Amino acid sequence: MKKNWEHWKPVRTMIVRIGKASDNDYVANDPCISRHHARLTREANGSLLLEDLDSTNGTYVNGSQILKKRVVPTDTVTLGNSFVLNISEVLKSRNDYCEEFAALKEVYDRYIEAKIRIQSSNQFKTRLFQALPFALPGVVGVAVGFMGKRSPLFLGISLLIAICAPAAGIYLGARQSAKIPRQLQDLADQFKTDYVCPKCGTFLGEIPWESLSNKKHCPVGSCKARWVNE
């Protein structure tokens, strides 16, 4: 399903320096990697640009050597002769969880849609169960008049329906109403599992995704995961 990225586009780029030296953002201690080997940039539109910084053994994307290339997390990136670089891990070195947080918008939207659907569907069924039985005696009465017969048996059946149908309707309506809390609880339990900070797993409540995106970071002090680049 296509994601709506417009709500989380960062206004500035984020740069991750990659290499063997300790002053890099992502330190890869491998003999085939240069001290300052490559640079990964998340651009303002959310795309990722990988650049080789004139390294000794080169940078490769999906087997081809590159100087500069746009990449996605599923690309196979190799630094030097054999070091395989995990793009997602590189982004996490800067506490960047923008992509995972963007996916939560769909989680929130689906939850709200399902909640409204459960409530409206059950209310309709409840009213139907409660109202329809009260109409049955009238239908039977019309049938009796149309047939022009005063059969004691037919009248007895009509009376029985007039008494039992409303009671059955009230019972079925009550049963349908009783399903709503259980369905909403099941939905809420799943939502609490899915709508969490992608780094620390803290449940984000029923706060709309757009409101959370304005915070830009996870509010948990020990986490502070970047949700939207500033």
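Mentor: Happy to; let's start with one pair of residues. A38 stands opposite D52 in β4. Two strands are said to pair if DSSP finds at least two bridges between them. Strands here are DSSP runs of E with at least two residues, helices are runs of H or I with at least four residues, and both are numbered from the N terminus.

Trainee: Before we go on, what kind of model is this?

Mentor: It is a predicted model, where local features need pLDDT of at least 70, side-chain atom pairs count only at pLDDT 80 or more, and totals for chains, interfaces and linings use all residues. Residues are numbered from 1 along each chain as its sequence is written, and side-chain values use heavy atoms, with hydrogens and water left out.

Trainee: How many helices and strands does the protein have, and in what order do the elements run?

Mentor: There are four helices and nine strands. Going from the N terminus, the order is β-β-β-β-β-β-β-β-β-α-α-α-α.

Trainee: Back to the strand pairs, then. In which sense do β3 and β4 pair?

Mentor: β3 and β4 pair in the antiparallel sense, over five bridges. The two form a hairpin with five residues between them, and G46 in the turn has a positive phi of about 95°. Another bridge pair to look for is R39 with its partner E51 in β4.

Trainee: And what lies on the other side of β3?

Mentor: That's β1: five bridges join β1 to β3, and the two run antiparallel. Here R17 stands opposite R39 in β3, while I15 has T41 of β3 as its bridge partner. β1 also has two bridges to β2, but those strands run parallel; G19 stands opposite V27 in β2.

Trainee: Which strands make up the four-strand sheet?

Mentor: That open sheet has the order β6-β5-β8-β9, and its pairing is antiparallel. β6 (64-66) and β9 stand at the edges with a single partner strand each, so one side of each is left without a neighbour in the sheet. Strand β5 (residues 59-61) pairs with β6 over three antiparallel bridges, and V61 stands opposite S64 in β6.

Trainee: What do "buried" and "exposed" mean when I look at a residue?

Mentor: Buried means under 20% relative accessible area, exposed means over 50%, and partly exposed is in between (1.4 Å probe, protein chains only). Buried residues make up 37% of the 230 residues in the protein. Four of the five residues of β3 are buried, so β3 is largely enclosed by the rest of the structure.

Trainee: Is R39 buried, partly exposed or exposed?

Mentor: R39, which lies in strand β3, is partly exposed because its relative accessible area is 28%. A contact means heavy atoms within 4.5 Å. Leaving aside neighbours within four places in sequence, R39 is in contact with I15, V16, L49, L50, E51 and L53.

Trainee: Can we try a loop residue too? Where is S34?

Mentor: S34 sits in the loop between β2 and β3. It counts as buried because its relative accessibility is 13%. Beyond neighbours within four places in sequence, S34 is in contact with G19, K20, S55 and T56. A polar atom of the S34 side chain lies 2.9 Å from the backbone nitrogen of T56.

Trainee: What should I know about nonpolar cores?

Mentor: In soluble globular proteins, nonpolar side chains tend to be buried together. A nonpolar core is a set of buried Ala, Val, Leu, Ile, Met, Phe, Trp, Tyr and Cys residues joined through side-chain atoms within 4.5 Å. The largest one here has 21 residues, of which I18, L40, L50 and L85 touch the most other members. At least two residues of this core come from each of β1 (14-19), β3 (38-42), β4 (48-52), β8 (77-79), β9 (83-85) and α1 (87-92). A second, separate core has 17 residues, including F101, Y195, C223 and V228.

Note on methods. Polar contact = N/O pair within 3.5 Å; in protein donor to acceptor, adjacent residues only side chain to side chain.
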